[in-house]
Amino acid sequence: MADQPSVVVSRQQINLIGLAKTDYKGAPTTLCAGCGHNSISNQIIAACYELNIAPECLVKFSGIGCSSKSPTYFLGRSFSFNGLHGRMPSIALGGLFADLSLKGIGVSGDGDTASIGLGQFKHLVRRNVPMVYIVENNGVYGLTKGQFSATAERGLSLKKQGTNPYTPVDIAMEAMISNATFVARSFAGDPKQVKELIKAALSHNGIAVLDIISPCVTFNNQDQAIHSYNWGRDHEAPLHELSFVPARDEIMVEDFQEGDLKEVTLHDGSVVILKKLETDYDPTDRWQAMRMLEEAHSNNWLTTGLIYVDVTPPSFFDLYNLPDQPLNRMKEDQIRPKRKTIDEINTWFY
Amino acid sequence: MTGKNTYAVVQAEDEIAAIGMAVGAGWAGLRAMTATSGPGLSLMTEYAGLAYYSEVPVVIWDIQRVGPSTGLPTRTAQADLTEIYFLSHGDTQHIMLFPGSVNECFDFGWKAFDIAERMQAPVFVLSDLDLGMNLWMSNPFEYPDRPMDRGKVLWEEDITRLNGEWSRYLDVDGDGIPFRTIPGNKHPRGGYFNRGTGHDENARYTEDPEVWERMMNRLRKKYETARTFLPEPVLRSKDGAKAGIIAFGSSDPAVQEAQDDLEKAGMPLDYLRVRAIPFNQLVEKYIQDHSEIFVVEMNRDGQLCQILTINYPAYAERFKSAAHADGMPLTARWIRETILALKENENG
């Protein structure tokens with residue numbers, strides 16, 4: 001549209017498809033300064049720029065809440081659908097049928113996903129709809145003055161809310177239980193890991209759930225709160241050091257000399273390289289993933305990284321025997337049944 | 001298509017997801033529909049409002065049963081009219097179709113998609129349990145008599161031709177219907193941000209009072225345009241009739257029989273079967289031409305009568321409600337006796 005930037009300024013750095021980083025920008029953010037969500041938006045921009053994904057080849061989806069406003073603030077040239085509270089998954093599922101060459105990215109929050117949207121979230125996950133599903137998780141409803149959300153830890157005390165008496169919903173665990181094929185947890189204060197995970201998620205042929213702790217600087221950022229910057233900086237414990245290598249790049253092993261390496265090859269031939277840190281962690285081991293999440297939950301650990309990945313199951317759209325040509329570009333003679341079809345149907349009845 | 005499917009059927013987890021999927025697909029340029037009955041429709045309300053306001057084509061079939069609540073789920077009624085007429089919070093106006101036979105269900109099946117894509121709006125088709133779940137005699141289905149109408153869609157070459165200058169919600173043609181693009185359009189200026197929040201002609205968020213009112217008034221204009229795209233009412237007249245019947249949907253055979261009986265009893269009445277809301281101009285003319293209108297329908301409150309009264313307040317006194325709902329289809333006898341009784345009351 002007329003108001004959106006599309007001119008590539010000369011001498012600006014461009015990627016392999018000739019786009020500058022400014023081509024990936026959105027409108028200026030209206031979220032609070034320092035909001036974790038802005039950091040995540042920036043990493044989405046960086047990931048898409050570095051992966052040479054044209055904004056037109058990606059569709060954004062969101063629900064309702066601070067998180068769900070953020071698609072306005074990145075990839076302004078992309079199509080986007082801001083749906084209803086907790087009902088983004090169904091919109092994305094329907095929308096992505098139209099052109100299977102498009103990548104889908106959904107941005108949700110802990111209220112949008114873990115409360116009103118828990119049902120649609122889990123059904124999207126169990127169907128393995130190929131898209132990136134980011135939960136910007138801060139434990140509170142920031143848009144309505146900071147009430148506890150379903151992911152707030154038990155015992156969290158906030159000045160205006162009192163003490164949270166309920167046990168939290170663990171989004172990564174919910175995804176695991178629903179047979180997600182790609183589950184990660186990260187921290188908005190760790191932009192490099194966020195970016196590498198987004199890149200890997202964009203290459204996965206299935207649902208990729210990213211539960212990203214994204215502090216709410218206005219309502220839930222005290223030092224002892226699990227969703228705060230300080231807690232995250234002091235307590236984040238990565239499972240591994242994670243690097244994404246796109247399919248076209250040769251892997252230079254010398255870049256990864258120290259320590260044990262694990263490689264996970266994704267659907268499009270790209271590779272995630274996981275460098276061992278303190279302990280061995282195998283993200284293809286479902287039981288280890290669940291055990292790790294359970295331990296993290298009971299000990300208040302912020303364990304981050306690629307928790308689980310399985311590249312083998314078919315994606316949702318693989319089950320539908322659809323043609324390569326996008327359904328939404330089909331002409332009448334391709335989608336309207338022939339006259340003889342109706343004659344046949346009539347013969348069943350008469 | 002070399003053995004590949006050019007369609008997809010998804011069994012959704014619930015009605016909210018069902019309409020969400022259909023709205024997502026409709027937005028992305030697919031012809032999408034879902035079918036439900038009254039309780040499901042209640043669940044679909046929020047997305048119906050979003051589809052109306054952000055102008056997404058989608059088709060929703062309501063096979064009406066007896067409500068409120070779970071009501072009589074195995075029995076028939078025509079009692080979701082006012083629900084759909086006012087569906088959603090805020091100001092909405094919805095397109096409603098009323099098939100009266102199995103053949104019309106088939107025809108409205110494809111016509112509803114044409115209308116939804118032309119009007120960029122949800123289209124509600126109100127069948128009922130009697131029509132939808134019982135065995136009926138019907139004529140053979142007829143092949144569509146015209147090409148598909150995919151509505152106002154811009155592709156890459158169109159936007160290039162316009163030098164990138166287009167606006168998602170601008171009324172270019174004066175009919176209230178804007179142009180849209182659909183995901184997959186690779187022109188750098190092809191995309192837009194679909195939202196249920198207040199937006200201007202370029203789909204940008206705004207709370208500007210003038211813009212809000214301008215957008216809502218354009219939607220009203222679009223609804224006016226819809227009148228000319230919808231199935232016309234069907235007139236069945238009788239010689240010497242000064243008064244008339246208005247009815248809709250599956251009561252058609254019973255109404256026709258009652259109309260014939262009343263003629264024999266010395267009370268010739270015309271009969272107009274409305275097939276869509278917003279009403280065609282012919283409905284207004286019919287009301288003008290008849291001193292008295294018996295509105296026959298299968299519900300307690302006379303819902304069509306209420307909607308007619310809202311639309312034609314100047315003729316409100318002409319409408320006489322003949323409404324009845326007990327879960328069973330209307331009978332010709334009940335219609336005949338009710339109209340005679342209404343007439344009696346008037347004379348008495």
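Q: How many salt bridges are there between domain 1 of chain B and domain 2 of chain B?
A: Two salt bridges, each being a side-chain nitrogen of Lys or Arg within 4 Å of a carboxyl oxygen of Asp or Glu.

Q: Which side chain does Arg273(B) meet in a salt bridge?
A: That of Glu104(B), at 2.8 Å, N to O.

Q: What sort of model is this?
A: A predicted one, where local features need pLDDT of at least 70, side-chain atom pairs count only at pLDDT 80 or more, and totals for chains, interfaces and linings use all residues. Residues are numbered from 1 along each chain as its sequence is written, chains are lettered from A and ligands numbered from 1 in the order written, and side-chain values use heavy atoms, with hydrogens and water left out.

Q: Where do the two domains of chain B run?
A: Domain 1 covers 15-133 and domain 2 covers 234-347; such bounds come from an automatic or database domain assignment.

Q: How far apart are their C-alpha centres?
A: The centres of domain 1 and domain 2 of chain B are 24 Å apart.

Q: And how many residues are in contact?
A: 24 residues of domain 1 of chain B with 24 of domain 2 of chain B, contact meaning heavy atoms within 4.5 Å.

Q: What about the area buried between them?
A: About 2,000 Å², with carbon and sulfur atoms giving 59%. Buried area is the accessible area (1.4 Å probe) that two parts lose on being put together, summed over both.

Q: Which three residues of domain 1 supply more of its share than any other three?
A: Gln78(B), Tyr85(B) and Phe98(B), which supply 35% of the area that domain 1 of chain B buries against domain 2 of chain B.
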